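Please look through the sequence and the structure shown here before reading on.

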Amino acid sequence: MRKSKRRALSPPSDDSAAVSSLKDRTTTANTILDQNPLSLTGKELGLATPPVSDTLDLTPTIRETLSYLYSESTVAKIWGVAARSFDKSTPPTLYPEYTKPGATAYVYRELDFWTSGFFPGSLYLLLERQRKYSRALSPSPHSGLPQLPHSLQLQYMCKWWTHNLHQNAHLKTTHDLSFMISPWARKAWELDHDQKAYESLLTAAQNLAMRYDSKIGALRSWDTCVTKRYSFTDPTKDFLDNMLNLDLLFWASVELRSPRLYTIAKTHAETTQKHHIRPNSSTFHVVNFDQSTGSVKDKFTNQGYSDSSCWSRGQAWAITGFTQTYGWTGDKTFLETARSCADYFLSRLEEGGIVVWDFDAPVSSEPRPTDTSAAIIACYGLLLLHRSLVSLHQQSPYLNAALQIISTLCANQLSLPAKFETSKVEVESVEHGKSFEDGNLVVEMGQGEETILRGATINNYEFAPRRWADHGLVYADYYFLLVGNLLLEMGIGENLARR
């Protein structure tokens, strides 16, 4: 079936729109770029946008491994954590972030921490699967197999876990507003036309734009940056991670018809392109600017091995962020930057497609820590990059590359599985006398981590205030689900899922 793709957008023409004037909106702006079907290999996977160069000659073992993207355990891990809040009288105010190395239980953070949106976002991704792909992914109620949560249960759980998060849209002290709002609010709007979520998205975008410094040409990241090695208290810093906040600004620029938001997002990407990308296409993590002149003062790391090394998650943010920016602008310099960052990332993989936390961390007698979050974020960017190149009828090795990395993750870095369990409950009725129906849907977590993936690295920088590796991480799981949903959208996922 032919798929549609968003056309690159020109700057909107009117900046007078405001959130309050859009309360009655019920549609989201979309434009369509037709894609001509190509007669190419990969047909057996049902590709909606067949690639030019990807043969997708996946072995049965790799296909089997990729099916874990849609396993019962993947759903059970998320549901099992979420369901614990059901017996409480108020919605959550603490949100899962990570598991400690060697431990299995989640450690939680306050709702205004930058990672709070990822777990509710994971719930919404499961809801999207139930709504759009249940035929392929959900067992038949007559199969005798364990059933997944009903879409109405998922919808309620999504509402429950996001009830207290709308207030984060009003924060003016963080550059992470898209991470905090977009993972759940975009899906709430797209799936349910949730007006409150829509307004939160627009409010968050406007508050994010307030952090733009026109002299620098970038959004301000952390106001301060302090480690055991340095202390930068001047406010003008740009983190590579910030590229993932631009998608919110571009989206809001369309909804508000705001050339200002569009220009801020595009200019920030250009500034990042100029100062964060090295000649060999590796990346600097942090750039510190002089607030008065706009000139660069320092380039350094906050989470990588060294100032001159390449932190793998930063490289993954670059792949994804520049590809997204190309999708909104149509500016092919962003596409080329995304490709060069992707090629560098792929050239630095360990044998078997393993992603270490920093590509330049020294090799010693102990294996270098992996970062599954970097791996899966990069895979999301590679899939977006593949789709962009295919729409231009250009060759793309990135689909196969992404699937190989995902296969490695599924083979080596999945936590021990969880499963759903139900028991029969005796019910007496006038019409039928005594009969049995399914009881509560419960999750048996087993002996593994509460996260889907393990092997992540929050921060292994030797001067970091908190430093550890080899653990579960909430945004690794979020991107794992997001990649699964994107493959479904591309027409590939249903052929990978075991029925």
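V427 stands opposite S435 in β12. This is a predicted model, in which local features need pLDDT of at least 70 and side-chain atom pairs count only at pLDDT 80 or more, while totals for chains, interfaces and linings use all residues. Residues are numbered from 1 along each chain as its sequence is written, and side-chain values use heavy atoms, with hydrogens and water left out.

Strands β11 (residues 424–429) and β12 (residues 433–438) run antiparallel and are joined by six bridges, where strands (E, at least two residues) and helices (H or I, at least four) are DSSP runs numbered from the N terminus, and pairing requires at least two DSSP bridges. With three residues between them, β11 and β12 form a hairpin.

Turning to the helices, the axes of α11 (residues 372–391) and α12 (residues 398–412) come within 8 Å and cross at roughly 155 degrees, the axes being lines fitted to C-alpha atoms over the stretch in contact, with angles from 0 to 180 degrees between N-to-C directions. The two helices, α11 and α12, are therefore roughly antiparallel to each other (an angle over 145 degrees; under 35 counts as roughly parallel, 65 to 115 as roughly perpendicular and the rest as oblique).

The axes of α7 (residues 246–255) and α9 (residues 312–329), by contrast, come within 9 Å and cross at roughly 15 degrees, which makes α7 roughly parallel to α9. Here L246, D247, F250, W251 and V254 in α7 meet Q324, T325, W328 and T329 in α9.

Conventions:
Contact = heavy atoms within 4.5 Å.
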